[in-house]
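Here's a quick tour for anyone meeting this structure for the first time. Have a look at it below, and then we'll walk through a helix pair and a sheet.

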Amino acid sequence: MNDIKIRIENLTYSYGDKVALRDVTMDIPANAITVVFGPAGGGKTTLLRLINRLNDLIEGTRMSGRVLLDGKDIYAPGTDVIDLRRRVGMVFALPLPLPGTIRENVEYGPRLAGIRDPARLEEIVVRSLTQAALWDEVKDRLDTPASALSGGQQQRLCLARSLALEPEVLLLDEPTSGLDPISTGRIEETLFELKQRYTIVLVPHSIQQAARVADYAAFFLMGELVEWQPGDLLFTNPRDRRTEDYITGRFG
Amino acid sequence: MNRRYLVQRVGFALLGLAALLVVVPILLVVGTIIARGAAAVNWEFLTAMPRDGMKAGGILPAIVGTLLLTLGTALAAIPVGVGGAIYLAEYARDTWLTRLIRLAIINLAGIPSVVYGLFGLGLFVLFLQFGTSILAGSLTLAIMTLPVIISTAEEALRAVPTEFRTVILSLGGTRWQAVRYVVLPQAMPGIITGVILGLLRAAGETAPILFTVAAFYLPRLPRSPFDPTMALPYHLYVISTQVPGMPEEIKYGTALVLLALVLSMNVVATLIRSYYRRRREW
């Protein structure tokens, strides 16, 4: 097993009275794709948003337990949240390019971090778009509006936007949910490349996708982590009856 | 003919009539003012001082006064109004304090303008000793304008999808950076609309400037923010009711200039707004 990048310990989280995660404990190994899957409302998105503290601004929530990144509690007082979010990037379900050109979108993160040197920014744009497998398609129109790209291209642009910060961890929340099979395939290929360098946590948009890309898989049901183990084991030989029912299509 | 079609036709006719009724008074007002006032408006009217007890000469000090008052109002009301709106839309949590602020805004909007005038007289002219001055008048108008600016700007900010803010945060940006680089530019058309609506109202008001800045007859241009000045709405009021034997076309000419000023500000606002809207991409 790879090194542990993220460790989640007894994590319980609720929005008001509604419990979203119930005593979740799991490890996320480095340089691998960990798939977090299960029926809607299972707490997958909440889990992702807790790993880079995007839920901080939501009022009326309660949390107990710990989330450790490289062994350090990211909810400990004095944690630099901005630095954390630079280390833990996120791609959302809907491709959401920011207003502006393709280039500006990729430059957003580095610019927010204070990078102004044009040569450095140019280098980041080329590298990020290449890593996101988008460079060849957009290299001649970097200064055109990002909104003119197709859905699949926009999603890879969002991926490039996150990669521009060279994060250590990439959180992907159903990044292919709105995309056609070809675009989906391209993104999955990209993820295989990226896991050499990044730790990836993916909420897949189908069980098939989960099975295709998972090095490790965690099955969530109504806020509870039913089981987690290496993907080839979980999808061929699930330990829990509920997991088996879900992946064989008996419910979901 | 089918009965339901008949009902529909009658319905549309009535609705159309209602829509037409909105247009008629505007056309009548504008038409009358142009017809009776256009003859009075010439170069001298726009650029000269009033003479002969305002029965001759021009209305330059009133035009300049109204422009200065609008500028002063903008300078005071825009930073406070837009700043307050950003706070309410982006930062404020739902506490008793924010609820109090919202209540205050709603109530400010409901206060009659003459009360603002008296308030301005008490606070700015007398207590703070600004005297009857452009400064006092601008501040009074600014307070009257604030609720319009704050509520429209807040609405415009809230209309920007939350996801943009989330994306900026996820890229290691602060909330302020999200506001500064994404939310504010996206909300700009709506904010500008609110600002212009507020300023237009301020430019045409008489009561708030009555006690705080307006001079009955002052045939010279103001030299400092502490000078009083003539202003178009008040001048119109004065020559229409306080000066016997005032030639009709001067009254209508003054009204025409005020109307043209306000409408041209409106046009400028529309241009700015459509410029920003074209750059928006969602």
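Helices α6(B) and α8(B) are roughly antiparallel to each other, because an angle over 145 degrees counts as that. Their axes come within 8 Å and cross at roughly 155°, with axes being lines fitted to C-alpha atoms, for helices over the stretch in contact, and angles running from 0 to 180 degrees between N-to-C directions. This is a predicted model, where local features need pLDDT of at least 70, side-chain atom pairs count only at pLDDT 80 or more, and totals for chains, interfaces and linings use all residues. Residues are numbered from 1 along each chain as its sequence is written, while chains are lettered from A and ligands numbered from 1 in the order in which they are written.

Where do the two helices meet? Among the residues of α6(B) in the contact are L141(B), V148(B) and E155(B), while α8(B) brings residues including V183(B), I191(B) and R201(B); contact means C-beta atoms, placed from the backbone, within 7 Å.

Over in chain A, four strands form an open antiparallel sheet in the order β2-β1-β4-β5. Strands pair if DSSP finds at least two bridges between them, and strands (E, at least two residues) and helices (H or I, at least four) are DSSP runs, numbered from the N terminus.

| Strand | Residues |
|---|---|
| β2(A), edge | 18-29 |
| β5(A), edge | 72-73 |
| β4(A) | 61-69 |
| β1(A) | 4-15 |

β4(A) and β5(A) pair over two bridges, and L69(A) stands opposite K72(A). Helix α1(A), residues 44-51, lies across β1, β2 and β4 of chain A, at about 60° to β2(A).

Conventions: Angles under 35 degrees count as roughly parallel, over 145 as roughly antiparallel, 65 to 115 as roughly perpendicular and the rest as oblique.
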